[in-house]
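Here are my notes on the ligand site and one of the pockets. Have the model open while you read.

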Amino acid sequence: MNPGDALPLLRLLADGRFHSGDALATALGLSRATVCQRMDHLEALGIVCHRIRGRGYQLPAPLDLLDPDALRVALADARVTLECLPQVASTNTELLARADALASGHVLVTEWQTGGRGRQGRHWLAPPGQGLTFSLLWRFAGGVGALAGLSLAIGVALARACRECGVDGVQVKWPNDLLLHGRKLAGVLVEVQGDMLGPSVAVIGVGLNVHAAPALDEGQSAAALGEAAGRALSRNDVLCALIRQMTVALRAFEMQGFASFRNDWRDLHAWQGQLVEVIRPDAGRQSGIALDIDDSGALLIEGPTGVSRVLSGDVSLRPA
Ligand code: BTN
């Protein structure tokens, strides 16, 4: 079954009330048996739904779904074009495929990303209604060489947006993650097209856990923004804050590159001054103190043989 086939069903259940199987089947133009199959599919995806004989189906709590019209109104001043798709395999893949036809500032957000991609070939899991999965396309006059440090600047922008939503204590982990209390809150996947000398285009993909944190498959644990907000968060509001801060940051990055984010990034760095281990794609390892970050976003680590510059590429970093 196509994972997104269950989305219309989820929309009907989103109010958190009881819906009988017959009412759901009629509203969706499906048989009762198909409704049951789709319900099983939702459960297999980890979406718990109570079934009570004689009453029907009910989600344990209402779902906080995106409201595309309200989002467009709220983002009118951000000078972006917002496209909302109920379901897509990967917002990054979709924007990269259509990049030639899109203007700078195009945002694609989806309720249900069925094949989300992370760095180093990993998957990004986000159950519908829980997190935010979106990508922003941005055009630069300069070449791809000038975009080193872009994903770090985006990390700073996302941390600022989280603060705006009432959550302090979000930190950055070099090169592309956001952490909350040491657990992964968000990931950034920047993919670029263009020439070394320009122009170039970046598709900046963001996955951020708002209500529930999915299990991660790499021995990491995940966090959700709502855990630390002290009030109910709305995904619509969080998305607006993220997009606003990203566009502000992108305009600053266009003018000054990563240099203007460097101090803020250092202040937000989870492992600043700590002993870390860099793991390279060929499994080679290098340990040292995370000393600093340079103007191109490279990490400076101090080891027994001196200070070395680590470029993000495909390396991973962890506390040693
Ligand atoms: C990582 O932590 O490895 C980066 C995760 C990036 C996930 C986002 S979700 C929206 C966008 N579309 C994708 O397929 N990936 C990014």
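1. Helices (H or I, at least four residues) and strands (E, at least two) are DSSP runs, numbered from the N terminus. With that in hand, look at β10: 4 residues from it make up the largest share of the lining of the second largest pocket.

2. A word on the source: this is a predicted model, where local features need pLDDT of at least 70, side-chain atom pairs count only at pLDDT 80 or more, and totals for chains, interfaces and linings use all residues. Residues are numbered from 1 along each chain as its sequence is written, and side-chain values use heavy atoms, with hydrogens and water left out.

3. Which atoms of Ser90 and the ligand lie 2.7 Å apart? They are a polar side-chain atom of Ser90 and a ligand oxygen. Gln113 puts a side-chain N or O atom 3.0 Å from a ligand nitrogen, while Arg119 uses a polar backbone atom, 2.6 Å from a ligand oxygen.

4. The protein buries 99% of the 410 Å² that the ligand exposes when taken alone (accessible areas by Shrake-Rupley, 1.4 Å probe).

Terms used:
Polar contact = N/O pair within 3.5 Å; in protein donor to acceptor, adjacent residues only side chain to side chain.
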